[in-house]
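Morning, everyone. Let me put the model on the screen.

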Amino acid sequence: MSNIQISGAPPVGLAGRNIIVGITGGIAAYKAPALVRALTSIGANVQVVMSASAHQFVTATTLQAVSGRPVRDDLWDEGAEAAMGHIELARWADAIMVAPATANFLAELAAGLAGDLLSTLCLATDAPILIAPAMNQAMWKHPATARNVATLINDGVGIIGPGEGAQACGDFGPGRMLEPDALVGALEKVFAPPILEGLRVMITAGPTREAIDPVRYISNHSSGKQGFAIAAAAARSGADVTLICGPTNLPTPQGCRRIDINSAQDLFDAVQADLPGQHIFIGVAAVADYRPLAAAEQKIKKQVRGSNTMTLELTENPDVIASVAQAANPPLVVGFAAETQNALPAAREKRLRKQLDAIVVNDVSQAGIGFNSDHNAATLIWDEGELALQLQSKDQLAQALLDQLVRIFVTRLALPNHASASI
Ligand code: C5P
């Protein structure tokens with residue numbers, strides 16, 4: 001077990017990226033401050049650019065406060081132009097996201113008009129442009145809008161949404177701007193190299209619940225955060241992700257197919273049902289090793305008289321990950337081990353016993369990492385080496401882990417994007 005290296009924490013996605021958020025005049029502009037806030041909170045540098053009509057819906061003061069920069073809205077503002085001219089601003093941007101984008105703005109951009117600062121920037125930049133349309137459903141369905149959208153797609157502009165549902169005008173249908181989280185996810189995808197493109201990845205996450213009776217269960221402290229972070233990172237990296245998770249309140253990561261389960265047996269069944277065709281299996285779920293031998297059909301009553309102890313007979317659950325590793329045509333199998341003592345030797349033994357290609361071990365007895373925390377530190381163990389992944393956010397650790405797995409197992413995975421790379 002030589003080859004121990006320390007990995008740095010690579011920037012994930014949008015940290016340090018320069019993003020122009022363009023806002024045009026639609027009611028969905030009320031969501032723009034939340035979008036800007038979400039971007040700055042993950043370390044992006046955001047310059048807000050408003051169209052003239054956007055001012056009818058949201059104030060520049062709010063947007064300046066959440067972005068930390070004065071809003072730009074005028075091609076002819078001498079002061080702002082002197083500080084950073086519009087061509088310079090177009091070059092500064094790593095990406096432009098226009099949210100909300102009105103039908104009028106789509107038409108301007110499709111026609112190549114540059115009548116105001118935002119449309120000029122879109123024409124002058126080499127950076128990717130993402131557009132989040134928001135308009136009345138009839139306007140969205142209009143053939144002129146459909147034509148403009150087709151032109152923009154042909155020009156390489158990313159169209160994000162719109163969603164469908166109740167509209168501010170009282171209509172129901174397509175035309176709702178997607179929520180800020182989804183827009184951030186779309187932007188993150190722009191910067192994530194598609195290292196897993198063409199691969200199907202199955203991830204288990206969260207705790208399981210083993211019923212004692214209709215109201216009680218045995219479970220554990222797993223929050224699901226690390227598994228969800230890995231699912232999000234895999235989807236950003238181009239994988240087709242199936243996320244099978246126990247009870248958690250976490251939102252489904254962008255682009256993942258989610259299957260909710262309760263017990264270890266449910267998890268086993270869901271995994272088996274979807275296993276054929278998966279390329280990578282990452283078992284992050286904290287699966288209960290045992291369940292009550294028989295769940296009582298009715299709520300178990302407290303004993304009023306007699307013994308003050310109670311015995312619960314348990315029986316072993318199926319080992320989900322071991323069954324995947326033993327499948328006829330197994331995917332690359334990566335396990336997780338949360339340990340409280342002798343973490344490394346225990347994980348090495350577990351990897352061999354369960355016939356896993358790799359295992360990620362973390363010492364959950366250390367404060368500030370593991371269960372429920374937003375941070376984690378771990379060691380990746382495989383046949384030929386071990387790699388310490390230093391303390392970092394669970395999102396960063398997820399990306400670092402996937403990067404390493406691709407590096408280590410590139411030949412095994414026959415990745416289209418890495419066909420000629422070596423380990
Ligand atoms: O034995 P232990 O529970 O520590 O093993 C941890 C690894 O095994 C994790 O990847 C976990 O998801 C998986 N596991 C499983 N089915 C079980 C128990 C654990 O897939 N019944």
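This is a predicted model: local features need pLDDT of at least 70, side-chain atom pairs count only at pLDDT 80 or more; totals for chains, interfaces and linings use all residues.

Numbering starts from 1 along each chain as its sequence is written, and side-chain values use heavy atoms, without hydrogens or water.

The residues are G283, A285, V287, D289, P318, D319, V320, I321, G335, F336, K350 and K354. By class, 6 are nonpolar, 2 polar and 4 charged; Gly counts as polar here, and Pro as nonpolar. Helix α12 (320-325) and strand β17 (332-339) each supply at least two of the shell residues. Those elements are DSSP runs: H or I over at least four residues for helices, E over at least two for strands.

Now polar contacts, N or O pairs within 3.5 Å. A polar backbone atom of V320 is 3.0 Å from a ligand nitrogen. A backbone N or O of F336 lies 2.9 Å from a ligand oxygen. The side chain of K354 puts an N or O atom 3.0 Å from a ligand oxygen. The ligand alone exposes 450 Å², and the protein buries 89% of that. Those areas are Shrake-Rupley, 1.4 Å probe.

On to the sheet. Five strands form an open, parallel sheet in the order β3-β2-β4-β5-β6. Pairing takes at least two DSSP bridges. β4 (95-101) and β5 (129-133) pair over 4 bridges. There, M97 stands opposite L130 of β5.

Technical notes
A residue is near a molecule or strand if one of its heavy atoms lies within 4 Å of it. A polar contact is a pair of N or O atoms within 3.5 Å; within protein, one must be able to donate a hydrogen and the other to accept it, and residues adjacent in sequence count only if both atoms are side-chain atoms.
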